[in-house]
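Colleague: Please take a close look at one helix of this model and describe what surrounds that part.

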Amino acid sequence: MTHPSPKTKSRPTEHPDPSNGEAPRIILFCDFDGTVATNDVGDLFFQTLAGTQAWQEAVEAYRAGLITSRQYLERMCAATRFDPDRFESLIAEQRVDPDFPACVAYCRRQGYPVYILSDGLDSYIQQVLERNGLGDLPVYANRMIQLDTTTIAPELPYWGHSCGDCANCKGYHIRRLRRPGSLAVFVGDGISDRCAVKEADLVLAKGALRQWCREQGYPFRPVDGFADVLRELRSMEEHLRVSAELSAR
Ligand SMILES: [Mg+2]
Ligand SMILES: [Zn+2]
């Protein structure tokens, strides 16, 4: 079994552009915790390795807006006692949305890039994706660095582009990865998805994100999982095809 290797340099990851220079019709951006992964693995990670009480106090402060996600990550990583065996067994229990692989396969056939955007840590995201045969998906997340066998710290490669509230601002990634003529579709469920909502052309919202979008007046389509996402993409594809035909007349 592989464990996250210690990383020391704050260097953003770059992934090759899958579209061969031509603007794809759709670009799909997905939140990880509670969206691609059925559980909030980040919450479970800290509950397991830092303790429920430390996590509860920090997450309440974060949800109440008293601390930023950077402060939350720093506090929780400092409280974490990393244990490879416990990490391993936690990861082994995690599942991706059962329809996510089919949605990714559909996007690949259509030539639509798929990106995972997360304000969580790369260590658990990469492991869960790899175990589900999706280890080659581009992931933009914060990094977990191991200072010694039991001590970890967050490393924030995209902090310089943050709005100030996010450690890894999803809005920044959508702005830099979107292409003229492409529809930026975002799927998410939580607080760290708010900056993405402001940038995306189409928001597919799960869970608590729906209420926030409603309150803030951002249009969205409700989804419960990737079966719905796939349905939305197909209907969007049809809509784009018809519009293209009409404008060609
Ligand atoms: Mg989430
Ligand atoms: Zn942000």
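Modeller: Helix H6 (residues 122-131) is mostly covered, with 8 of its 10 residues buried; buried means that 20 or more other C-beta atoms, placed from the backbone, lie within 10 Å of a residue's own. Helices here are DSSP runs of H or I with at least four residues, strands are E runs of at least two, and both are numbered from the N terminus. The model is predicted: local features need pLDDT of at least 70, side-chain atom pairs count only at pLDDT 80 or more, and totals for chains, interfaces and linings use all residues. Residues are numbered from 1 along each chain as its sequence is written, while chains are lettered from A and ligands numbered from 1 in the order in which they are written.

The buried residues of H6 are Asp 122, Ser 123, Tyr 124, Ile 125, Gln 126, Gln 127, Val 128 and Leu 129. Their cover includes H1, H4, strand E2 (114-121) and strand E3 (139-146). Just after H6, Gly 133 takes a positive phi of about 70°.

Two of the covering elements also pack on each other. The axes of H1 (residues 41-50) and H4 (residues 84-92) come within 10 Å and cross at roughly 150°, the axes being lines fitted to C-alpha atoms over the stretch in contact and the angle running from 0 to 180 degrees between N-to-C directions. H1 and H4 are therefore roughly antiparallel, a term for angles over 145 degrees. Leu 44, Phe 45, Thr 48 and Leu 49 of H1 make the contact with Arg 86, Phe 87 and Leu 90 of H4, where contact means C-beta atoms, placed from the backbone, within 7 Å.

How values were computed. Parallel < 35°, antiparallel > 145°, perpendicular 65-115°, else oblique. Contact = placed C-beta atoms within 7 Å. Buried ≥ 20, exposed ≤ 12 C-beta atoms within 10 Å, placed from the backbone.
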